[in-house]
Amino acid sequence: MKRADAERLAGVLKAVADPARLRLLSLIQAAPEGEASVSDLTAPVGLSQPTVSHHLRILTEAGLLEREKREVWAYYRLVPSAIAALAELLTPPRKRATRKTR
C-alpha cells in the first residue's frame, strides 16, 4: 500500500472509530429511502442536533457520506463505493477470493 493510500485510509478508519458514527452510518443505510436528515437521526442516537451534525460532517469529509441540501434541510446518504472499499479492506484475503468467485 502506498503511503498516500495508507494516510487516506487511516483518516477513514479514524472517522468510523466512534460508536455514534457507526450508528449513524447504520441508521442512514437502514432508512427507507437510504437517506436521512439530522432531524431524523438525533432521537435514535440520543445526541443533540449540533453533535449529530458534527459527526455527519466528519463522515462526509471522510468520503463515506454525501450531503444534499433541499430547502432548509440537508439529507445524507452512503457513498456505496467508499463503503465497499472499506468492507474490502476489512475482509480477510481468503474470504475475498471466495466471494469474488461466486
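pLDDT is the predictor's confidence in each residue, from 0 to 100. Keep that in mind, as this is a predicted model: local features need pLDDT of at least 70, side-chain atom pairs count only at pLDDT 80 or more, and totals for chains, interfaces and linings use all residues. Residues are numbered from 1 along each chain as its sequence is written, and side-chain values use heavy atoms, with hydrogens and water left out.

Confidence, then. The protein chain has a mean pLDDT of 88, and 91% of its residues reach 70 or more. Where is confidence lowest, and where is it highest? Lowest is helix α6, residues 93-101, with a mean of 61. Highest is α4, at 96. Where pLDDT is low, the predicted coordinates should not be read in detail.

Now the layout. There are six helices and three strands in the protein chain. From the N terminus on, the order is α-α-β-α-α-β-β-α-α. The C-alpha trace spans about 45 × 30 × 25 Å along its principal axes.

Let's look at α4, residues 49-61. Helix α2, residues 19-30, packs with α4 at about 80°, axes 10 Å apart. Axes are lines fitted to C-alpha atoms, for helices over the stretch in contact, and angles run from 0 to 180 degrees between N-to-C directions. So α2 is roughly perpendicular to α4; that label covers 65 to 115 degrees, with under 35 roughly parallel, over 145 roughly antiparallel and the rest oblique.

Which residues of α2 and α4 meet? From α2, they are A20, R21, L24, L25 and I28. From α4, they are V52, H54, H55, L56, I58 and L59. Contact here means heavy atoms within 4.5 Å. This contact has eight nonpolar residues, two polar and one charged. Nonpolar is Ala, Val, Leu, Ile, Met, Phe, Trp, Tyr, Cys and Pro; charged is Asp, Glu, Lys and Arg; the others, Gly among them, are polar.

Helix α3, residues 38-45, also packs with α4, at about 110° with axes 9 Å apart. That makes α3 roughly perpendicular to α4. V38, L41, T42 and V45 in α3 meet Q49, V52, S53 and L56 in α4. Here the classes are five nonpolar, three polar and no charged.

Note on methods. Helix = DSSP H or I, 4+ residues; strand = E, 2+ residues; numbered from the N terminus.
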